[in-house]
Amino acid sequence: MELPLLHLALVGTPNSGKTSLFNALTGSRQKVANYPGVTVERKEGFFVTPQGRQVSVVDLPGTYSLRGRSPDEEITRDFVLGKASGETVPDLVLCVADSTNLRLTIRLLLELKRTGRPMILVLNMFDIATRRGITVDVERLAKELGVPVVTSIAVRKGGTADLLTLTDEISARLAAEPAENNWRALSVAELRSTQREADRIIADCVSLPSRPDTWTARIDAVVLHPVGGLIVLALILFVMFQAVFAWAQPLMDLLKSGFDVLGELVHDTLPAGLLQSFLQNGVISGVGSVIVFLPQIILIFLFILLLEDFGYMARAAFLMDRIMGGAGLHGRAFIPLLSSFACAIPGIMATRVIDNKRDRLTTILIAPLMTCSARIPVYTLIISAFIPARDVWGFINLQGLVMFGLYVAGITSALLVSFLIKFFMLRDYAPAPFMLELPDYKMPRLKSIAIGVYTRAKMFLHRAGTTIFSMMVLIWFLASFPQPPAGATEPAINFSLAAIIGKALEPLLAPVGFNWQIAVALIPGMAAREVAVAALGTVYAIEGGKEAAEQIGQVLATKWSLATALSMLAWYIFAPQCASTLAVIRRETGSWRWMAVTFTYMLVLAYAASLVTYNVAVALGAG
Amino acid sequence: MTDTNDTRPHMPLGLALRGYTGVIQHLSARDTGSALSDIELESRLIELGFVEGARVEVLHEGLVGRDPIAVRVDSITIAVRRREAMAIIVA
């Protein structure tokens, strides 16, 4: 007999290990989308219970209560209450708790109970609690709460076996239990009394060791030290960027030679002509030049996910709160801004954790100034072509240093812009509060991290396969047609549509040292920044033949002056060249106005920065 | 030794320095200068475990103006700005 799909929902406070439990249950069988009408990420996964029941599980945004004071928390509330549009009421709610830290979750659970939904309390990370000497009387806890309780170790193989068995047992008798919802928003007095009730139950059922986690205290003594902590933060960021630049190189070289071999294979097998040119120059060298950056994107996401899992991100927010406050930013903006180093889109979406509208708007406006991973291909290409790979002071790679400098330039300008916004536009308002749990440090969960990195890498490749691919085809087309007249002596590309467009834009871009090839590359770069690299590759490949396609960096070194290269770097710090980012800004702010504001201010900054850089460089003899 | 709280002066947690330990006496969200309404501030503090009787210890302070502070509240650590911590009366 085929039973209908069982719907589970994971609810818990932030840091309860909800996501690692979700990953443990579903593995890579996950679907990430948005809830209709809002930009809250909807994560759904699937698994089969030991008794063969098909289960869908939704990982709801973390929350401390059902009051719904942000769009994320409203989703969690509406979903549990069955009011979320287009969603099925969950058959069973799994309330996930960090076993080492039950206070806040038990209070949340007492509130959840009022909704009448069938529920299980999952004591996650039970191994860590045991190791710390915390003992929980599970049976008594279940009796006092009136809710089945099960322990789990999301990160261990078989650590969720009890949970799966219990899910089967409960789902077998679900239909018999009618649900009645008695939930309504709690008053302050009710909140207080539920917290008291939670504390009483915990005192009855849980015995805590006399000393708290010493590791967290020891690490925090250094990491949260007012001065030492900032030095540690700077070191972490520095290592992160050196690693992204240095460690990824061998893998990138490998990918690159792979695509080169493939390109030559096509060149040798197919007869010369349009098809050969399309496959080799348009498809393989174009898409290949973007996929080459996969190792760097994997590394940057790896770092961000590791720091988040370890529990460091909240500390970074703590350290940066007042410093960013000086620039008019909220401490919570640190995490969205740090995510923007990977990509501004998740960064801008992550600003939902900032519940004050104006703080949030400022963060959204400056997030695109953080150096996203799509800029890495452009930076890498130009740096490796123009900056010598020698060591300075014996141990620091000069190329890495320039890269670091570009990141610093992005951050500094972001803080400056934020300061100006605060000064001119959003004066005189009291700063929104900064309240954040600093979770105990945990060893990062490798499997969970692997799934996270895999999901992101898949998204990047998907983009490379769709948006970037179609842009490359367009560029190839623009660069190949119309074909040169018979007997023409100039390179074929000089007769193409690309040259016509590029040359039309050239007068505008000449003051900043850009030639028409750059102008051509900047247009498809609007679709995605990294496409500019591929576009340059295509433009110069068609112009210079096969050798040029293989050595785009070397070609640039001969075609561009150092001043042009530096001007291009300066341009890319600011340029608003990412249609998807602009689209997300429009969606998140709900207005075209802020999208237009972002586009304009970034374009003006880019042009100004390039103008200054180019002219200074020329004056210093780099022209 | 634990019952000395009656004799210790009541003060807002927002004025406590690093190393201070005490017990929460009550919450008073009025006139803290927070951007939140009184009820909202009080609700959020309770949701993060700041309830009467909880033991607090100021573990860390930020660099600029000793702000924000990291506070141990019974078994968890919460980062909060001094402005909001003014609503928590300890002794």
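Reader: Across which strands does helix 13 of chain A lie, and at what angle does it run to strand 12 of chain A?

Author: In this predicted model, helices (H or I, at least four residues) and strands (E, at least two) are DSSP runs, numbered from the N terminus, and contact means heavy atoms within 4.5 Å. Axes are lines fitted to C-alpha atoms, for helices over the stretch in contact, with angles from 0 to 180 degrees between N-to-C directions. Helix 13 (residues 312-326) of chain A lies across strand 3, strand 4 and strand 5 of chain B together with strand 12 of chain A, to which it runs at about 150°.

Reader: Which strands are the edge strands of the open sheet of seven strands?

Author: Two strands pair if DSSP finds at least two bridges between them. Strand 12 (residues 435-437) of chain A is joined to strand 5 of chain B by three bridges, the two running antiparallel, and A:E437 stands opposite B:I78 there. The sheet has the order 12(A)-5(B)-4(B)-3(B)-2(B)-6(B)-1(B), with antiparallel pairing. Each edge strand pairs on one side only, and these are strand 12 of chain A and strand 1 (11-12) of chain B.

Reader: How much area do chain B and chain A bury between them?

Author: Buried area is the accessible area (1.4 Å probe) that two parts lose on being put together, summed over both. Here 39 residues of chain B are in contact with 39 residues of chain A, and 60% of the buried area is on carbon and sulfur atoms. The total that the two chains bury is about 3,500 Å².

Reader: How many salt bridges does the rule find across the interface of chain B and chain A?

Author: A salt bridge is a side-chain nitrogen of Lys or Arg within 4 Å of a carboxyl oxygen of Asp or Glu. A:R103 forms a salt bridge with B:D74, with the closest N and O atoms 3.8 Å apart. Across the interface of chain B and chain A, the number of salt bridges found is eight.

Methods. Residues numbered from 1 in each chain as written. Chains lettered and ligands numbered in written order. Predicted model: local features only at pLDDT ≥ 70, side-chain atom pairs only at ≥ 80, totals over all residues. Heavy atoms only, no water.
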